[in-house]
Amino acid sequence: MDDIKKRITQLREDFMQGSLSEKEVSDAPSQQFELWLNQAMTADLPEWQAMTLGTVSPDLRPSARIVYLRQFQNDQYWFYGNYNSRKARHLKQNPNACLSFFWPQLERQIRLEGSVELCHDDTSDAYFDGRPFESKLGAWASDQSAVLKNREELEAQLEVYRKKFEDGNIYRPPYWGGWVFTAKYYEFWQGRKSRLHDRITYEFKNGEWTINRIAP
Ligand SMILES: Cc1cc2nc3c(=O)[nH]c(=O)nc-3n(C[C@H](O)[C@H](O)[C@H](O)COP(=O)(O)O)c2cc1C
């Protein structure tokens, strides 16, 4: 135990894999995003589409959790979950949110800031339809973020819905669906030697994206 406490203060990784210049990035941040996401996918990184979603509670306490990015188009990013969950309650009261990706093998981080809306029912239906049957059942069975008495309670709920949908015709629960996040700010971070990392930002103002380099 002492070893971990000592090592955590001493660990110093130098980042050497790449660089990022304001001269080379795409004019549109969504294109730069797609390029980096594509490189994370082609490098076969584990959980390359997992992102941290940050929300703020009605009493202004921030909270973060990982969700999967499921679709993206221009500056819009879709993710899915339960509409009664903690994140749902936060987003209903305060649609401002942030997303971040970290791909250690590429020494890269992307950060996005923006706001979120519920996505169209048709989009949620189409995504739900494409999920495996067991995941569909899970969406029905889990009252996400609610307190459970024990594990058995959850598993019993699963069996209730397995019975309900035993003919295999399962549709999207009314309390489950997607959100679409629209980005207004991006930061692309590429690790460099001696902590002199590259950070390139895009800010949407007066109808256009302004690109800046910021200090590491
Ligand atoms: C790799 C990974 C992917 C996840 N993907 C999702 C997801 O797409 N949607 C979701 O609701 N929760 C997902 N989760 C679970 C969330 O992190 C979280 O536990 C859940 O959404 C409840 O969060 P909340 O109580 O803040 O609403 C994922 C967790 C991990 C570790």
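This is a predicted model: local features need pLDDT of at least 70, side-chain atom pairs count only at pLDDT 80 or more; totals for chains, interfaces and linings use all residues.

How many nonpolar, polar and charged residues does the shell around the ligand have? I looked at the classes and got six nonpolar, four polar and four charged.

**Ligand shell**

I listed the 14 residues around the ligand, and the ones that come nearest are Gly81, Ser85, Arg86, Lys87 and Ser145. Next I checked which elements give two or more residues to this shell: β2 (62–68), β4 (76–82) and α3 (86–93). The largest share is from β2, with four residues.

I found Ser145 in the loop between α5 and α6. Is Ser145 exposed or partly exposed? I put Ser145 down as partly exposed, because it has 14 C-beta neighbours inside 10 Å and exposed would need 12 or fewer.

Ser194 also went on the list: a positive phi of about 55° and not a glycine. This serine sits in the loop between β7 and β8. Ser194 counts as exposed because there are 9 C-beta neighbours inside 10 Å.

**Helices α5 and α6**

The axes of α5 (residues 133–141) and α6 (residues 151–164) come within 9 Å and cross at roughly 115°. I noted the crossing as right-handed. Which residues make the contact? From α5 they are Leu137, Trp140 and Ala141, and from α6 they are Leu154, Gln157, Leu158, Tyr161 and Arg162. By class I have six nonpolar, one polar and one charged in this contact.

**Nonpolar core**

The largest nonpolar core has 28 residues, and Leu99, Ile110, Phe181, Tyr186 and Phe188 have the most contacts inside it. Several elements give two or more residues to this core, among them α2 (29–42), β1 (50–56), β5 (96–103), β6 (108–118) and β8 (198–205).

I then picked Phe181 and asked what it touches, not counting residues up to four places away in sequence. I wrote down Gln76, Tyr77, Ala97, Leu99, Gly114 and Val116. Leu99 in that set is also one of the core residues with the most contacts. As background, nonpolar side chains tend to be buried together in soluble globular proteins.

Key: Residues are numbered from 1 along each chain as its sequence is written. A residue is near a molecule or strand if its C-beta atom, placed from the backbone, lies within 6 Å of it. Ala, Val, Leu, Ile, Met, Phe, Trp, Tyr, Cys and Pro count as nonpolar, Asp, Glu, Lys and Arg as charged, and the others, Gly among them, as polar. A nonpolar core is a set of buried Ala, Val, Leu, Ile, Met, Phe, Trp, Tyr and Cys residues joined through C-beta atoms within 7 Å. A residue is buried if 20 or more other C-beta atoms lie within 10 Å of its own, exposed if 12 or fewer, and partly exposed in between; C-beta atoms are placed from the backbone. Two residues are in contact if their C-beta atoms, placed from the backbone, lie within 7 Å. Axes are lines fitted to C-alpha atoms, for helices over the stretch in contact, and angles run from 0 to 180 degrees between N-to-C directions. A crossing is left-handed if the near helix is turned anticlockwise from the far one by less than a right angle, and right-handed if clockwise.
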